[in-house]
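Keep the structure open while you read.

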Amino acid sequence: MAQILDDISRTFGEFLLVPGLTKKEHIPANVSLKVPISRNGKINLNIPFVSAAMQAVSGTELAIALARKGGSAFIYCSQGIEEQARMVKTVKEHKAGFVESDSNLSPQDTLADAVALRKKTGHSTIAITEGGDTHSKLLGILTSKDFWEFKDDLSRSIKDFYTPLDRLVFAKEGVTLQEATEILWKNKKECLPVVDTQGNLKYLVFRKDYFDHKSNPDELTDDKKRLFVGAALNTFDYKERVEALVAAGVDSVCFDSSDGYSEWQAEAIQYVKKKYKDSLVVGAGNIVTKEGFLYLAEAGADFVKVGIGGGSICITREQKGIGRGQASAVQEVAVARDEYAKKTKSYVPICSDGGLNMDTQVIVALALGADFVMMGKYFAQCAESPTDKIRYNGRLYKPYWGEGSLRARNWQRYRNSDRPELFFEEGVDAYVPYSGPLAEKVDTTVAKIKATLCNVGALNVKEFHEKAVLTRVSELTLVEGGTSTVERLERVVSVE
């Protein structure tokens with residue numbers, strides 16, 4: 001006979017937070033939203049947001065924008081290994097402190113070669129080296145200011161145009177990023193080459209990176225000041241895929257599965273952790289029970305995703321009758337996480353994935369114990385998501401589809417059969433309202449979270465977990481808290 005749980009499967013919309021004492025120190029400027037994304041906080045997010053590993057969400061542009069605000073994207077794995085690794089590499093190379101040049105030519109190459117390389121990489125600064133590769137002897141620099149593409153003869157050699165080393169300002173290996181920035185500032189230069197003792201090119205440091213950093217003080221970077229980025233794995237080709245992703249510079253990976261409480265995922269986690277140890281953050285999931293969390297934590301997961309069937313385009317519950325109310329799942333797993341930490345002295349963060357349709361539900365998810373949240377629809381609406389805007393009845397929308405939909409063609413996410421097709425879908429194809437730039441949207445949500453923490457009397461998410469008091473609400477409470485008695489004017493984004 002089936003076991004029946006006594007508790008009701010609850011959602012975030014069934015709860016309200018009760019205010020606590022707000023002291024004079026509880027102001028948004030004093031609130032920190034830094035949260036752990038790895039065991040025991042060895043690596044942290046600066047804001048508690050990650051984007052879902054979905055084709056309509058986590059492209060390179062969104063990954064860059066989210067890392068600049070302090071969160072992280074997970075580049076989707078429903079694509080070829082080379083394509084996913086290329087996307088990770090694009091994010092890692094977008095902004096950095098010390099950049100390894102991928103735009104290099106020799107003096108014997110032509111201006112046509114330089115134009116072709118610039119179009120391929122998008123970089124206008126080309127290092128001219130003795131061998132035309134990354135780490136050979138630096139001879140000079142060629143930029144778009146050194147020649148005119150539509151006036152000069154592109155068949156001519158670069159040697160007649162590039163700026164030679166004796167006319168460049170450069171630094172020796174060992175220089176700090178702060179020292180390199182000072183050299184750029186004092187000499188009014190855009191780019192500073194860094195060479196080793198033999199004169200071989202090591203890195204390039206760019207002036208624009210300094211300004212990007214100052215404009216985004218919460219940006220999430222690695223130890224080389226490169227933007228932080230994650231990527232998804234499946235349990236089929238994870239050995240080959242993770243190797244390519246690590247080579248591309250990925251900072252974290254997470255197994256993407258509608259149900260992660262499986263021997264396949266435990267085996268994959270153990271393989272990746274054994275090979276890369278603490279040099280790579282490994283996330284697992286999804287689960288909705290204490291037992292599922294403990295199983296993946298014991299397998300070595302650095303964080304665990306909670307949620308099955310709660311996403312706005314997920315129909316797993318409809319199709320298979322599998323899932324649990326997101327609030328109930330997060331609450332139970334948060335208790336298990338704390339018990340596990342007390343017993344093992346190892347804190348494994350949990351990520352609430354799904355069931356988040358408004359900012360207040362993000363807040364309730366954190367209050368119930370989530371360390372951070374993963375969102376799909378929220379980010380799919382942003383300008384930086386990979387899909388094109390469309391106009392319908394004067395409003396702007398963006399396409400959005402689930403990884404379990406036929407459109408995603410993500411056969412490897414499921415183990416329904418040995419045949420290479422889906423018998424049924426677990427996700428739908430839809431459209432979501434366009435909400436504008438990611439930075440503006442995230443800033444608004446962050447402001448709300450910080451204000452709420454102040455109302456509760458907390459200065460960080462850990463303290464929020466400890467001090468939050470929630471009350472269940474009735475249907476009439478929801479009506480009372482709404483605006484049902486007045487006419488509201490809806491603000492609509494309707495510009496290109």
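Helix 1 buries L62, A63, I64, A65, L66, A67 and K69. That makes 7 of its 10 residues, so helix 1 is mostly covered. Bear in mind that this is a predicted model. What do those buried residues of helix 1 pack against? Their neighbours are strand 4 (49–51), strand 5 (72–75), helix 2, helix 12 (377–380) and helix 13 (438–456). Just past the end of helix 1, G70 has a positive phi of about 115 degrees.

## Two helix pairs

Two packed helices are described by the angle between their axes and the distance between the axes. Here are two such pairs.

| Helix pair | Angle | Axis distance |
|---|---|---|
| Helix 1 (60–69) and helix 2 (81–94) | about 40 degrees | 9 Å |
| Helix 11 (359–367) and helix 13 | roughly 45 degrees | within 10 Å |

Take helix 1 and helix 2 to begin with. At about 40 degrees, they count as oblique to each other, and helix 1 passes helix 2 in a right-handed crossing. On the helix 1 side, the contact uses T60, A63, I64 and R68, while helix 2 brings M87, T90, V91 and H94. Sorted by class, these contact residues are 4 nonpolar, 3 polar and 1 charged. Two of the helix 1 contributors, A63 and I64, are also on the list of buried residues.

Now for helix 11 and helix 13. This pair is oblique as well, and its crossing is right-handed. From helix 11, D359, V362, I363 and L366 meet T445, K448, I449 and T452 of helix 13. The class count here is 4 nonpolar, 2 polar and 2 charged. Helix 13 also turns up among the elements that the buried residues of helix 1 pack against.

## Strands

Is strand 7 (residues 126–129) covered or open on its faces? Both faces are covered: I126 and I128 are buried on one side, and A127 and T129 are buried on the other. In a regular strand the side chains alternate between the two faces of the sheet. Strand 7 runs parallel to strand 6 (residues 104–105), and 2 bridges join them. If you want a spot to look at, L105 sits opposite I128 of strand 7.

Elsewhere there's an open sheet of 3 strands, ordered 10-11-12, with mixed pairing. Strand 10 (171–172) and strand 12 (201–206) are the edge strands; each has a single partner strand, so one side of each lacks a neighbour in the sheet. Strand 10 and strand 11 (residues 191–195) run parallel and are joined by 2 bridges. A171 has V194 of strand 11 as its bridge partner.

The peptide bond from G285 to N286 is cis, with omega near 10 degrees, and N286 belongs to strand 15 (residues 281–287).

Then there are two lysines with positive phi. K188 has phi near 55 degrees, a positive value in a residue other than glycine. You'll find K188 in the loop between helix 4 (177–187) and strand 11. Is K188 buried or exposed? Its relative accessibility is 74%, so K188 counts as exposed.

K225 has phi near 65 degrees, again positive in a residue other than glycine. The loop between helix 5 (207–215) and strand 13 (230–233) holds K225. With a relative accessible area of 39%, K225 is partly exposed.

Methods
Residues numbered from 1 in each chain as written. Predicted model: local features only at pLDDT ≥ 70, side-chain atom pairs only at ≥ 80, totals over all residues. Heavy atoms only, no water. Axes fitted to C-alpha atoms, helices over the stretch in contact; angles between N-to-C directions. Helix = DSSP H or I, 4+ residues; strand = E, 2+ residues; numbered from the N terminus. Parallel < 35°, antiparallel > 145°, perpendicular 65-115°, else oblique. Left-handed = near helix turned anticlockwise from the far one by under 90°. Contact = heavy atoms within 4.5 Å. Nonpolar A, V, L, I, M, F, W, Y, C, P; charged D, E, K, R; others polar. Buried < 20%, exposed > 50% of the residue type's maximum accessible area, 1.4 Å probe, protein only. Pairing = 2+ DSSP bridges.
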